[in-house]
Amino acid sequence: MEELQVIQNKIYEIRGTKVMLDFDLAEIYQVETRVLNQAVKRNITRFPEDFMFQLTNTELDIMSSQNVMTLKAKRPKSALPFAFTEHGVIMLASVLRSEIAIQTSILITRAFVAIRKLVSTPPTDKITEIQQEIKELKEYIEEAFTDYNDINEDTRMQLELINQTIAELQSKKAFNDKLRPRIGFVK
């Protein structure tokens, strides 16, 4: 699962499409970027525009300025990176023809599928659901015991524990919201 997360972090959104960049793919496939690009150029008919496209200088500048990547060390100044869609990544496995390429393509495909699922069906926020249930329970208890002075000490203690639990859940949710990673680059 850790490999899947590493791959997901290298999927960007460019031109409204989820893509991976040539130098990231080369690293994952354990080949040099120039070797990957040479294999693609030798088989260019397998890579139509909906499988692969080259970034523009503007797209490259935007990505670099947002610290998505540090390209200066990874590429010559004149070379613009290629962006591969999910289909292009799958096609790379047949072009590179190695066991690593095949296994890596499987992992990358799973990463694309996981991101697609996440976007189409966001996970339900369990903490919010629990908070709502606790809030309803608290309101019910407060209605049942309209006069706080008429309830015994055990019930007061239970109400305090419920209030404390609500406060803890709210602070935990706020903390988790801050930790959620941003996936990819959105143009």
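Student: Which side chain meets Lys10 in a salt bridge?
Tutor: In this predicted model, Lys10 pairs with Glu27 through their side chains, with a distance of 3.7 Å from N to O.

Student: Is Lys10 buried or exposed?
Tutor: Lys10 is buried, because its relative accessible area is 15% and the cut-off for buried is under 20%.

Student: Which residues are linked with Lys10 in a network?
Tutor: Asp24 and Glu27 are linked with Lys10 in a network of salt bridges.

Student: How many salt bridges does the structure hold?
Tutor: The structure holds 5 salt bridges, including one between the side chains of Glu13 and Lys18 at 2.9 Å, N to O. Glu13 is partly exposed at 23%, and Lys18 is partly exposed too, with a relative accessible area of 28%.

Student: Changing topic, how do the axes of H3 and H5 cross?
Tutor: The axes of helix H3 (residues 33-42) and helix H5 (residues 86-96) come within 10 Å and cross at roughly 90°, which means that H3 is roughly perpendicular to H5.

Student: Which residues make the contact?
Tutor: On H3 they are Leu36, Ala39 and Val40, and on H5 they are Leu92, Val95 and Leu96.

Student: What classes are those?
Tutor: The contact of H3 with H5 has 6 nonpolar residues, with no polar and no charged ones.

Definitions and conventions:
Residues numbered from 1 in each chain as written. Predicted model: local features only at pLDDT ≥ 70, side-chain atom pairs only at ≥ 80, totals over all residues. Heavy atoms only, no water. Axes fitted to C-alpha atoms, helices over the stretch in contact; angles between N-to-C directions. Helix = DSSP H or I, 4+ residues; strand = E, 2+ residues; numbered from the N terminus. Parallel < 35°, antiparallel > 145°, perpendicular 65-115°, else oblique. Contact = heavy atoms within 4.5 Å. Nonpolar A, V, L, I, M, F, W, Y, C, P; charged D, E, K, R; others polar. Salt bridge = Lys/Arg side-chain N within 4 Å of Asp/Glu carboxyl O. Buried < 20%, exposed > 50% of the residue type's maximum accessible area, 1.4 Å probe, protein only.
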